[in-house]
Amino acid sequence: QVQLVESGGELVQAGGSLRLSCAASGLTFSMYAMAWFRQAPGKEREFAARISSSGSNTEYADSVKGRFTISRDNAKNMVYLQMNSLKAEDTAVYYCAARYGLLNVYNYWGQGTQVTVSS
């Protein structure tokens, strides 16, 4: 049974930093690209960041580029999202997702962790 469990979300002031973590189990983690998505209240879920299975390639949404950093530790089956210079508009539920293969379809999703940025 595949599980993705996010943690690290909390209330933070604008300009602050947070690091989200996602613990993966039940899959061959090093074979999956991993990503973070987010969904703000009343809005559709949107892509935030992606990292390749090896960790050698990353991609970011324009809205987070230069402020967020995605990383992974294949030995620990973990993926992280370092978020700096947080803004009120970063407030959302953040989801970890795993993708196998080249299609842009994510096979597994976590339950989400709430990030609230106060202005």
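**Ground rules.** I am working with a predicted model, where local features need pLDDT of at least 70, side-chain atom pairs count only at pLDDT 80 or more, and totals for chains, interfaces and linings use all residues. Residues are numbered from 1 along each chain as its sequence is written, and side-chain values use heavy atoms, with hydrogens and water left out.

**Arg-67.** I found Arg-67 in the loop between strand E6 (58-60) and strand E7 (68-73); strands are DSSP runs of at least two residues, numbered from the N terminus. Is Arg-67 buried or exposed? Arg-67 has a relative accessible area of 10%, so it is buried (under 20%, with a 1.4 Å probe and protein chains only). I then followed its side chain, which reaches the backbone oxygen of Ser-63 at 2.8 Å and that of Ser-85 at 3.0 Å.

**Aromatic pairs.** My search of the whole structure gave six aromatic pairs (ring centres of Phe, Tyr or Trp, the latter by its six-membered ring, within 6.5 Å; planes under 30 degrees apart are stacked, over 60 edge-to-face, the rest tilted). Tyr-32 and Tyr-108 make a tilted one, 6.1 Å centre to centre with 50° between the planes. These two tyrosines sit 76 residues apart, with Tyr-108 in strand E10 (residues 108-109). Tyr-32 is buried at 12% relative accessibility.

Next I looked at Phe-37 and Phe-47: their planes stand at 75° and their centres 5.8 Å apart, so this pair is edge-to-face. Phe-37 belongs to strand E4 and Phe-47 to strand E5 (residues 46-51).

Note on methods: Helices (H or I, at least four residues) and strands (E, at least two) are DSSP runs, numbered from the N terminus. Buried means under 20% relative accessible area, exposed over 50%, partly exposed in between (1.4 Å probe, protein chains only). A polar contact is a pair of N or O atoms within 3.5 Å; within protein, one must be able to donate a hydrogen and the other to accept it, and residues adjacent in sequence count only if both atoms are side-chain atoms.
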